[in-house]
Amino acid sequence: MTTIEYDVVVIGAGPVGENVADRVVRGGLTAAIVERELVGGECSYWACMPTKALLRSASALRAARQLPGAREAVTGDLDAAAVLGRRDSFASHWQDDGQVSWLASAGIALHRGQGRISSARVVEVTGVDGVTTTLTARHAVVVATGSSALLPDIPGLRESAPWSSREAASASSVPGRLAIIGGGVVAAEMATAFAALGSAVTVLARDGLLPSAEPFAGELVTESLREAGVSVRLGAEAVAVNRDDNGAVHIRTASGERVEADEVLVAVGRTPNTQDIGLDRVGLAPGAWLTVDDTLRVVGGGEWLYAAGDVNRRVLLTHQGKYQARAVGDVIVARATGQQVEDGRWGRHVATADERAVPQVVFTDPEIASVGLTAAAAEAAGLRIRVVDYDLGAVAGASLHADGYRGHARMVVDEDRKVIVGLTLAGPDVAELIHAATIAIVGEVPLDRLWHAVPAYPTVSEVWLRLLETYGR
């Protein structure tokens with residue numbers, strides 16, 4: 001057995017783990033990263049990049065069809081094979097050579113295999129050849145193993161070989177009929193993508209579509225999906241699934257409805273990848289989410305153990321995980337070198353934005369871009385709020401962007417501080433507008449000052465002026 005010592009050992013080489021290791025090395029420490037699958041993680045191969053590649057071509061085609069002149073130039077439908085081919089390129093054809101090269105260039109050691117914590121600051125890595133290498137961390141071990149799709153306990157589901165988000169993102173062909181169990185972001189985006197690619201899609205959304213978003217967002221996406229031919233069944237709960245000898249999947253709902261499909265995608269949530277990483281060896285529960293303090297150190301795990309990204313369940317989004325990773329890497333360096341730890345609100349070594357300034361884009365038709373709190377979440381947090389709504393299609397820039405532009409904007413204002421605590425935009429191509437709201441919320445910019453941030457005319461960003469006018473000066 002080989003033993004190697006580093007300053008920091010990171011378990012998981014997804015975007016979060018890569019960023020932790022990079023920050024550590026930039027801070028003058030040594031780092032090793034352990035990965036059992038592909039370097040680059042879920043986002044690179046089965047989530048963010050390939051799924052958005054699946055969605056983008058259809059989005060561009062819809063945009064062209066909404067403009068006279070461009071509409072007439074469109075002579076056909078999507079080429080599904082070309083879309084899948086472009087998706088493959090964004091997933092690097094499920095090869096991680098490029099990511100591995102980047103690790104080497106950044107001075108980060110890579111150990112392939114299953115990493116398990118065996119004791120304080122010690123990680124044993126078992127390679128595919130069965131050989132075990134022991135890695136000892138002088139300062140910290142960081143768990144950045146991410147999460148996997150949750151498979152609910154529905155009779156017959158597991159035996160029916162369902163798709164998870166991974167199979168949907170990497171599908172080599174388009175099923176004639178696709179059933180989707182779930183109504184969250186993955187369900188809504190994959191319904192959008194596969195309907196555009198030619199599948200007959202049925203969505204069984206027990207808790208509604210996009211239930212965590214502002215209500216109007218789910219309503220607009222539901223309407224759009226139905227216009228695209230998708231059967232969206234709100235409140236429908238799958239209670240039994242089976243795949244017959246001919247390969248067809250049969251789903252029965254609680255109300256007795258029956259749905260038949262060629263494939264079934266399950267998109268009902270996530271579960272942490274902490275089952276087989278040795279948590280029991282340090283007094284923690286295998287398979288559990290890891291609770292962390294403000295500096296992302298694992299509660300009950302000792303001063304040397306940190307968790308970043310999905311595994312700490314703060315925010316299950318790649319960009320927030322990378323944000324956490326930068327804080328983790330920097331605080332480990334600070335503690336290792338005797339620097340002052342800045343762990344106050346908005347300090348360098350904490351992830352304050354996880355609390356109330358999380359941006360997210362759902363790449364459906366229309367796109368849903370949001371940051372901060374919904375009106376319901378703000379009220380639940382005890383804030384005294386005012387909600388300001390505006391028809392996004394009434395903005396001059398929107399009418400230029402597309403004929404018949406449909407959209408909506410909602411601003412949530414903390415009336416005691418006179419600052420924005422939440423903004424949601426629904427409409428074509430609103431994704432690129434959301435960062436302005438993120439800056440306003442993180443900076444806690446007073447509404448009186450925002451009056452002086454003049455939006456260019458005629459752009460869709462003029463909605464900022466209209467929201468402020470509706471609020472009243």
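**Notes on a predicted model**

Student: Which residue does the disulfide join to Cys43?
Tutor: The disulfide joins Cys43 to Cys48, with an S to S distance of 2.5 Å. The link of Cys43 and Cys48 is left-handed, with -130° about the S-S bond.

Student: How many disulfides does a search of the whole structure find?
Tutor: The search finds 1 disulfide.

Student: Which way does E8 run relative to strand E9, parallel or antiparallel?
Tutor: E8 and E9 (residues 200-205) run parallel and are joined by 5 bridges. Within this pairing, Ala179 has Thr202 in E9 as its bridge partner.

Student: What handedness does the unit of E8, helix H8 and E9 have?
Tutor: E8, H8 (residues 185-197) and E9 form a right-handed β-α-β unit.

Student: And how many bridges join E8 to strand E14?
Tutor: There are 4 bridges between E8 and E14 (residues 263-266), and these strands run parallel. Ile180 stands opposite Leu265 of E14.

Student: Staying with H8, at what angle does the axis of helix H3 cross it?
Tutor: The axes of H3 (residues 48-65) and H8 cross at roughly 60° and come within 9 Å. H3 is therefore oblique to H8. The crossing in which H3 passes H8 is left-handed.

Student: Where does Ile385 lie?
Tutor: Ile385 lies in strand E19 (residues 385-391). Its relative accessible area is 19%, so Ile385 is buried.

Student: How many residues apart in sequence are Ile385 and His319?
Tutor: Ile385 and His319 are 66 residues apart in sequence, and they are 28 Å apart in space, C-alpha to C-alpha.

Student: Now the backbone. Is the peptide bond from Asp365 to Pro366 cis or trans?
Tutor: The bond from Asp365 to Pro366 is cis, with omega near 5°. Pro366 lies in the loop between strand E17 (359-362) and strand E18 (367-372).

Student: What about the bond from Tyr457 to Pro458, cis or trans?
Tutor: The peptide bond from Tyr457 to Pro458 is cis, with omega near -5°. Pro458 lies in the loop between helix H15 (447-450) and helix H16 (463-471).

Student: Then what is phi of Arg313?
Tutor: Phi of Arg313 is near 60°, a positive value in a residue other than glycine. Arg313 is placed in the loop between strand E16 (305-307) and helix H10 (318-337). With a relative accessible area of 53%, Arg313 is exposed.

Student: And what is phi of Trp346?
Tutor: Trp346 is not a glycine, yet it has a positive phi of about 65°. The place of Trp346 is in the loop between H10 and helix H11 (353-356). Its relative accessible area is 34%, so Trp346 is partly exposed.

Technical notes
Residues numbered from 1 in each chain as written. Predicted model: local features only at pLDDT ≥ 70, side-chain atom pairs only at ≥ 80, totals over all residues. Heavy atoms only, no water. Disulfide = S-S within 2.5 Å. Pairing = 2+ DSSP bridges. Helix = DSSP H or I, 4+ residues; strand = E, 2+ residues; numbered from the N terminus. Right-handed = clockwise from strand over helix to strand, strands pointing away. Axes fitted to C-alpha atoms, helices over the stretch in contact; angles between N-to-C directions. Parallel < 35°, antiparallel > 145°, perpendicular 65-115°, else oblique. Left-handed = near helix turned anticlockwise from the far one by under 90°. Buried < 20%, exposed > 50% of the residue type's maximum accessible area, 1.4 Å probe, protein only.
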